[in-house]
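Trainee: Could we go through this one together? I'd like to begin with the pockets and then move on to the helices.

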Amino acid sequence: MSNTDVGERLASIKHVILVLSGKGGVGKSSCTVQLALSLVNQGHKVGVLDIDLCGPSIPRMLGLENQQIHQATAGWVPVFADADKRLACMSIGFLLPSKDSSVVWRGPKKNAMIKQFLTDVYWGDLDYLLIDTPPGTSDEHLAAVEYLQEWNPDGAVIVTTPQAVALSDVKKEINFCEKVGLPILGLIENMSGFVCPHCAECTNVFSTGGGEGLAKHLDLPFLGRTPIDPNLVMLLEQEDKTQVPNVNDPDAEKEITGSIVETYQRCELSKIFAGIAKHLEESLSNKEQ
């Protein structure tokens, strides 16, 4: 298929955003999931496309492991994380024989898979499509930007942690965006402290403020900083997403609330990401003016 097919497939999607980070282990996928959940809770319809082909973690985080995609006349139908079908997901994880299967592909096959995701998935009407990418600036990033080029994606959200070694790699990602003409919508400083579940005191495990300082230095929008929340970690790790986790008392009777969309609202980080989602919407609004 040609690039025009990508445009036709994405014509019913209002905003296309890539989530990037030059370094692994900064919590990019968890930020993608939380941003998607926050946008859904603010009334939007959201899709998450996981193009981290060698490490697809989005299905596990959304509680969609062992789900399968279906072929319809309009194309591949994504997997939905809630009964109201406001949060859709597509990932290579749905196409593998098991969750332990590895993807051992060279660049051309990766590129072909990403193109197929962009041309064959029937998302329907969406307010936001978030594209979760692997670390770095290599094949998957180039393929996504190339195939989306004629569609003019809104831009990228950059995720970093506060310490200098992460910021150094993130600068490379920002340079990548500049080279390929991808606007930067804002920067998230993740893992900016650890909130103790017992006393609520915040300890700066990896220092703090580095991401915000980098955003100011490069004149980029700063979307916000987020600490490590043990309850969020438990929620994303546990198989049953309908139960509210309690790290203080793992054996306590857990409240059942519904899908992860509802459960996430009980996590303290949901309040912070609600603000980040609002800042992202403002950044998009400023870009359109």
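Trainee: Which residues lie nearest the centre of the largest pocket?
Mentor: Keeping in mind that this is a predicted model, the residues nearest the centre of the largest pocket are Asn66, Gly93, Leu96, Ser98 and Lys99, and they belong to a lining of 19 residues.

Trainee: And how much space lies in there?
Mentor: About 330 Å³ lies in the largest pocket, and its lining divides into eight nonpolar, seven polar and four charged residues.

Trainee: Back to Asn66 for a moment: buried or exposed?
Mentor: Asn66 is exposed, because its relative accessible area is 75% and the cut-off for exposed is over 50%. Asn66 sits in the loop between H3 and strand S3 (70-72), and its phi is near 70 degrees, a positive value in a residue other than glycine.

Trainee: Where is aspartate 219, and what is its phi?
Mentor: Aspartate 219 is in the loop between H7 and S11, with a phi near 60 degrees, which is again a positive value in a residue other than glycine. Aspartate 219 counts as exposed because its relative accessibility is 69%.

Trainee: OK, second largest pocket. What lines it?
Mentor: The second largest pocket is lined by 16 residues, with Ser30, Met191, Leu232, Val233 and Leu236 nearest its centre, and about 240 Å³ of space lies in it. By class, that lining has eight nonpolar, five polar and three charged residues.

Trainee: Which element gives the most to that lining?
Mentor: Helix H8 does, with four residues, while the elements that each supply at least two include helix H2 (28-41), helix H3 (58-61), strand S9 (184-195) and strand S11 (222-228).

Trainee: Switching to helix packing, how do H6 and H7 cross?
Mentor: The axes of H6 (residues 164-180) and H7 (residues 210-217) come within 11 Å and cross at roughly 35 degrees, and the crossing is right-handed.

Trainee: Which residues make that contact?
Mentor: On the H6 side they are Leu167, Val170, Lys171 and Ile174, and on the H7 side Gly210, Gly211 and Leu214. Sorted by class, the contact has four nonpolar, two polar and one charged residues.

Trainee: Last one: why is H5 described as largely enclosed?
Mentor: Seven of the ten residues of H5 (residues 139-148) are buried, so the helix is largely enclosed by the rest of the structure. The buried residues are Glu140, His141, Ala143, Ala144, Val145, Tyr147 and Leu148.

Key: Residues are numbered from 1 along each chain as its sequence is written. This is a predicted model: local features need pLDDT of at least 70, side-chain atom pairs count only at pLDDT 80 or more; totals for chains, interfaces and linings use all residues. Side-chain values use heavy atoms; hydrogens and water are left out. Buried means under 20% relative accessible area, exposed over 50%, partly exposed in between (1.4 Å probe, protein chains only). Axes are lines fitted to C-alpha atoms, for helices over the stretch in contact, and angles run from 0 to 180 degrees between N-to-C directions. A crossing is left-handed if the near helix is turned anticlockwise from the far one by less than a right angle, and right-handed if clockwise. Contact means heavy atoms within 4.5 Å. Ala, Val, Leu, Ile, Met, Phe, Trp, Tyr, Cys and Pro count as nonpolar, Asp, Glu, Lys and Arg as charged, and the others, Gly among them, as polar. On a 1 Å grid over the protein atoms alone, a cavity is a set of points where a 1.4 Å probe fits but cannot get out, and a pocket is an open set with protein on both sides within 12 Å along at least five of seven lines; lining residues have an atom within 4 Å of a point. Grid points are joined across faces, edges and corners, and a volume is the space filled by probe spheres set on the points.
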